[in-house]
Amino acid sequence: MGRWTRFILRNRKGVLALWLCIVILGIFSGTKLNSHLTTSLNIPRSASAQTDTLLAQHFNENIEGTFTVIYPFKNATNSQIASFENQILIASRVIPTSSIAEQKALGGILLVNINSSLSLTRAAEYTTLFRNELHRNGLSEALVTGPPAIKSDVTPVLDSDLHRGEIIGAIVALLLLLLVLGFTIQVLVPFIFAAGSISATIGLVLLIAQHFLVVLYVPNIVELIGLGLAVDYSLLILFRFRKESADQSGEINESIVRTMASAGRTVAISGLTVAIALSTLIFVPIPFIRSLGIATALVPLISIAAAFSLQPVLLSFFPASPDLRGLRTKPFKSLVSFIIGRPLIVAGTSIAVLFVLASSALGLHITPSSLTAIPDQLESQQALNI
């Protein structure tokens, strides 16, 4: 452990340059990742998968590449309905390999299913173009749904939620770090740590998505878990580093070596435990569950790598000042004193709060990406409601 840490510190500029490259590659990978993600819930060898195969082989129907157009009309004649159908047919030509699979007019609603041989991800790319063509052909009230349209509509919503979650998570983490570490430049360490570990994970997920099914919300989970672990591990190492700097005199590099020999071992055990726990999802024979297991197991493993390479370098760039080395967190001391002085009251209150929070699970309805969870303001959901 000591030899490795000393090697990292001797080559800290090279290590920092390497992680900078990883961050840049991670940002680039993030811009390319969405096009490789899917909302597919296909389960190989299941009855539904076998049915999809039969439909594709014998009826030329590709469920995940099918668009459905809903067009409301009032008091239209048969010839007008035929004109609407022809306009939809013309607009659908922007979708490669498209063909009309079904047409129905009932109760003032025209329903047209448009089949294609495209994959879900590839078909979703034509959703906006198809909608624009419908408007260009005079069908401005037409609504488009189906698996490709749902994926196209849900992706920006998930991206927006991810960015909102990132902002909220970063603000909460910053407040926590300021409370624990005080107003010091060391509060930047967890965020730099998070940038490196998350970027590396996103890059690996992009490589995995080239060959395996990866669900659409994997980036959300990776980034939020990555931020949490970065704060957790950085705080653990920073506090140990401050103690080593205060208790031992000598060169800062030796304080870092002693820190990594103690706190680093704790981080390694914690990260491996989390990775093993999350990797059990890989054994579930469902592709989209497996993708969650693979992606989330990578986060703690890469966090360990960052802790043993990037973190020592950051400590050498952001050392604890003499005033910070002996810093004592007085609010936490007061809290501990309060808890020790009133153990039964605190225990009873804590258990009651936990029961109240856990009771919400009774009203939890768990489902794998139910269509009812799609926001009502999205065009694909409005069409489904009709």
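Helices here are DSSP runs marked H or I with at least four residues, numbered from the N terminus, and lining residues are those with an atom within 4 Å of a cavity point. Keep in mind that this is a predicted model. With those terms in hand, let's begin with the inside.

**The cavity**

- Searching the whole structure for cavities of 30 Å³ or more turns up 1.
- The largest cavity holds about 30 Å³ of space.
- Around the largest cavity you will find Val 205, Ile 208, Val 214, Ser 291, Ile 294 and Ala 295.
- Two helices, α8 (188-209) and α11 (287-317), each contribute at least two residues to this lining.
- Which helix provides the largest share of the lining? That is α11, with 3 residues.

**The surface patch**

- On the surface, a nonpolar patch is formed by Leu 179, Phe 332, Leu 335, Phe 338 and Ile 339.
- Together, these patch residues have about 440 Å² of accessible area.
- Helix α13, spanning residues 330-341, gives the most to the patch, namely 4 residues.

**A closer look at Leu 335**

- Leu 335, one of the patch residues, is found in helix α13.
- Is Leu 335 buried, partly exposed or exposed? Its relative accessibility is 46%, and partly exposed covers the range between under 20% (buried) and over 50% (exposed), so Leu 335 counts as partly exposed.

Notes:
Residues are numbered from 1 along each chain as its sequence is written. This is a predicted model: local features need pLDDT of at least 70, side-chain atom pairs count only at pLDDT 80 or more; totals for chains, interfaces and linings use all residues. Side-chain values use heavy atoms; hydrogens and water are left out. On a 1 Å grid over the protein atoms alone, a cavity is a set of points where a 1.4 Å probe fits but cannot get out, and a pocket is an open set with protein on both sides within 12 Å along at least five of seven lines; lining residues have an atom within 4 Å of a point. Grid points are joined across faces, edges and corners, and a volume is the space filled by probe spheres set on the points. Patches are made of residues with over 30% relative accessible area and no salt bridge: like charges are joined within 9 Å, nonpolar side chains (Val, Leu, Ile, Met, Phe, Trp, Tyr) within 5 Å. Accessible areas come from the Shrake-Rupley method with a 1.4 Å probe; for residues, only the protein chains shown count as cover. A salt bridge is a side-chain nitrogen of Lys or Arg within 4 Å of a carboxyl oxygen of Asp or Glu. Buried means under 20% relative accessible area, exposed over 50%, partly exposed in between (1.4 Å probe, protein chains only).
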